[in-house]
Amino acid sequence: MNKILVVTTEPLPLPGGLTTGAGLRAWGLAEGLRSAGFHVIIASPLEGDQAKQQAAAETPDPSVRFFSRSDLGALVENENPDVVVMQHWGLVYALPDLKCPLVIDLAGPHLLERQYWGNQDLHRDLQEKLSALRRADFITLGGVFQRHYFYPYLAMAGFDITNTNFPVIPFSVAPQAVEGSPAPGSEATFIYGGAFLAWQNPEKPIRWLLDEVDKAGRGRLLFYGGAHPSMDASGGRFLSLYQFVKAHPRVEVRGWKPFDQLTKEYAAEGHVALDLMERNPERELAYTTRTMVYLQCGLPVVYNNYSEISLLVQRNGCGWCLDPEDEAGFRTLVQKIIGAPDEVLKLRESARNAAINQNWNQTIAPLAEFCQNPQFREKTNSQAFQVPESESHAAPAIKPDLNVSSSTITSIRRNFFARPGRWMGIIVYLPVWVVSKYLCYRLKVTSSSRAQ
């Protein structure tokens, strides 16, 4: 059976360890491939104390590897896989030339996320993304909505989007639900979990919720997470919200928990998960990891009404889909939940079934089929889809003309200084100089409009 190396940039959900959505995504792909009979190795950067502790454990997981980003090539060489699966494209630059096919799993609009971070070098980011995609032999996507976002990038990277299948593997959970339930008669407990990220704004619903529990004198919020475990990817935007939540008498801030412990607490104590966020382009495209984890733990979700998982929630009757600006509707719903929390417990089975019906043993089929018979894609190198080098910022349509003008000027200069009749050189040189200046001007205008 073929050997598959799955690589992620994020921490994995190992026992006692913290993780992130991307780490869970990579883990699900690896487990799905393993269930299909492949020999799977999963690798994560050796970053943070927990990763170092896992790497130094007396009984380490034999399928897990840790690596320094600069040594990714050595890892690939040592493992000698039949297929490399990169969970997203951000680390593809560190891969050496491969002897085996490369799969890139695209699960989320990362280029858009970088803009929310405040990254201003969009030209470099696009160049990096297209360079990575050009190397891929097979692509998987994290959602149907996302497929439409990725089509233009894949076309620019040389894929024939009219004849190529880009299968969707949605975020998937284990085949087993997380068991547990709050005791009947206990007060309504809302769960919020996850990292603060620049493209996610849950502030209004959290404040509205706490206003309603204050009025009712009943209900509580268990708040997990906060700043991203590797970096504050929110740029400090939610510091005031975090301070507000920490000081609220009906909130218990539990911070970050190892994933296995986190899911047990979700299932044992929560009635409802609060997962409603302000609408923006990233949220419209996201197939949200935390939502599927809530459902796996039996938590019906208060969710948005505009994204792909909204359809899953509505179809399975495992939550409520609201406009995130519908304050009155949100407050009415919270009042009902606070007043009759035991009624919410009736939705737990629907929530678990919605998640388990999308488990990694079932959703992995398109990737498993490719890995069973991996093939190199015939790469194209069409100049029409080449992003200019950052030093030149030359538009493809203008750059060839500019190169011709430069060579003409060089030739004229040599004739001008080497031969008599220099006034003839001046007559010829000046018009060409004017044309070259015009081309440079057009170059700057075109590059500026492209950047916008």
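This is a predicted model: local features need pLDDT of at least 70, side-chain atom pairs count only at pLDDT 80 or more; totals for chains, interfaces and linings use all residues.
Student: Is Leu111 buried or exposed?
Tutor: The relative accessible area of Leu111 is 8%. Buried means under 20%. Leu111 is therefore buried.

Student: Which residues does Leu111 touch, not counting residues up to four places away in sequence?
Tutor: One of them is Asp125, 14 residues apart from Leu111 in sequence. The C-alpha atoms of Leu111 and Asp125 are 7.0 Å apart in space. With that sequence exclusion, the residues touched by Leu111 are Trp89, Asp125, Leu126, Lys129, Tyr149 and Tyr153.

Student: Which strands stand at the edges of the open sheet of 6 strands?
Tutor: The strand order is E11-E9-E7-E12-E13-E14, with parallel pairing. Two strands each have a single partner strand, so one side of each lacks a neighbour in the sheet. These are E11 (251–255) and E14 (319–322).

Student: Which residue in E12 stands opposite Phe190?
Tutor: Strand E7 (residues 189–192) and strand E12 (residues 272–274) run parallel and are joined by 2 bridges. Opposite Phe190, the residue in E12 is Val272.

Student: At about what angle does helix H7 run to E9?
Tutor: Helix H7 (residues 203–216) lies across E7, E9, E11 and E12. Helix H8 (residues 239–247) lies across E9 and E11, at about 120° to E11. For H7 and E9, the angle is about 150°.

Technical notes: Residues are numbered from 1 along each chain as its sequence is written. Side-chain values use heavy atoms; hydrogens and water are left out. Buried means under 20% relative accessible area, exposed over 50%, partly exposed in between (1.4 Å probe, protein chains only). Contact means heavy atoms within 4.5 Å. Two strands pair if DSSP finds at least two bridges between them. Helices (H or I, at least four residues) and strands (E, at least two) are DSSP runs, numbered from the N terminus. Axes are lines fitted to C-alpha atoms, for helices over the stretch in contact, and angles run from 0 to 180 degrees between N-to-C directions.
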